[in-house]
Amino acid sequence: MKTHFLFPNSFKKIGCILFVPTMATILYIWLIDSSQLENLLEFKVFALYKTNILGASEYLVFIKNHLIDELLTILLMISLLFVGFSKTKSEDEMIEKIRYESLVWATYFNLFLLLFNTIFFYGLFYGNFIILNIFSQLLFFIIRFHYKIYQLNKATHDDE
């Protein structure tokens, strides 16, 4: 069976190794103390577009920015991508079907969350949710996919 567009199985381990410290750091910043880590990695970076609090916009400028948010976002996206789209040890048609169904369910779930939050939440909370929405589809896909694989393995093992 050809498994197009999937990473080798070894990438799943890399994704897990990246995910744990990245998620721990993100949760630490959000829930405990954001001031200590946000001051790390301040650099002058190129911005295509920047809006200021007073409403003035700037184009094609260099700005000072704390890159910890961007770094954590990139690491989280890469780790979820590696975990979600790495081949299993025994990739077959059943695994492919489960992967496809999980991706469809994750898309439905993500769109439902987006619709629900667009209707019922406003302001800063909605903005924070939009940021979380970037990761929710991949995260739900990974959870459902691995749960279905677990169920398949358990059913196969029980039959023996």
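Modeller: Start with one set of cut-offs: buried means under 20% relative accessible area, exposed means over 50%, and partly exposed lies in between. Keep in mind that this is a predicted model.

Colleague: How does Ile14 come out, buried or exposed or partly exposed?

Modeller: Ile14 has a relative accessible area of 39%, so Ile14 is partly exposed. Ile14 sits in helix H1. From Ile14 to Glu101 is 87 residues in sequence and 25 Å in space, C-alpha to C-alpha.

Colleague: Which class does Ser102 fall into?

Modeller: Ser102 is buried, because its relative accessibility is 0%. Ser102 belongs to helix H4.

Colleague: Which residues does Ser102 contact, beyond its neighbours within four places in sequence?

Modeller: There are Phe141, Arg144 and Phe145. Two of those names come back in the nonpolar core: Phe141 and Phe145 are among the members that touch the most other members.

Colleague: How many residues are in that largest nonpolar core, and which touch the most others?

Modeller: The largest nonpolar core has 17 residues. Leu72, Leu76, Leu80, Phe141, Ile142, Phe145 and Ile149 touch the most other members. At least two residues of this core come from each of H1, H3, helix H4 (93–120) and H5.

Colleague: What does Ile149 contact, leaving aside neighbours within four places in sequence?

Modeller: Ile149 is in contact with Ile95 and Ile98.

Colleague: Now the pocket. What is the volume of the largest pocket?

Modeller: The volume is about 510 Å³. The lining counts 17 residues, with Ile26, Trp30, Ile131, Leu132 and Phe135 nearest the centre. Helix H1 (10–31), helix H3 (68–84) and helix H5 (123–159) are the elements that give two or more residues to the lining.

Colleague: Take Tyr126. Where does Tyr126 lie, and which residues outside four places in sequence does Tyr126 contact?

Modeller: Tyr126 lies in helix H5. Setting aside neighbours within four places in sequence, Tyr126 contacts Leu114, Asn117, Thr118 and Phe121. For Leu114, 12 residues apart from Tyr126 along the chain, the C-alpha separation is 9.6 Å.

Colleague: Which of these contacts is polar between side chains?

Modeller: The side chains of Tyr126 and Thr118 make a polar contact of 2.9 Å.

Colleague: Last one: how do I read a phi angle?

Modeller: Most residues other than glycine have a negative phi. Here, Leu60 has a phi near 50°, a positive value in a residue other than glycine.

Colleague: Where is Leu60, and is Leu60 buried or exposed?

Modeller: Leu60 is in strand S2 (residues 57–66). Leu60 is exposed, because its relative accessibility of 57% is over 50%. Apart from neighbours within four places in sequence, Leu60 contacts Phe46, Ala47 and Leu48. Leu60 and Val20 are 40 residues apart along the chain, and their C-alpha atoms are separated by 35 Å.

Conventions:
Residues numbered from 1 in each chain as written. Predicted model: local features only at pLDDT ≥ 70, side-chain atom pairs only at ≥ 80, totals over all residues. Heavy atoms only, no water. 1 Å grid on protein atoms, 1.4 Å probe; cavity = no way out; pocket = protein on both sides within 12 Å on 5 of 7 lines; lining within 4 Å. Points joined across faces, edges and corners; volume = space filled by probe spheres on them. Helix = DSSP H or I, 4+ residues; strand = E, 2+ residues; numbered from the N terminus. Core = buried A, V, L, I, M, F, W, Y, C linked by side-chain atoms within 4.5 Å. Buried < 20%, exposed > 50% of the residue type's maximum accessible area, 1.4 Å probe, protein only. Contact = heavy atoms within 4.5 Å. Polar contact = N/O pair within 3.5 Å; in protein donor to acceptor, adjacent residues only side chain to side chain.
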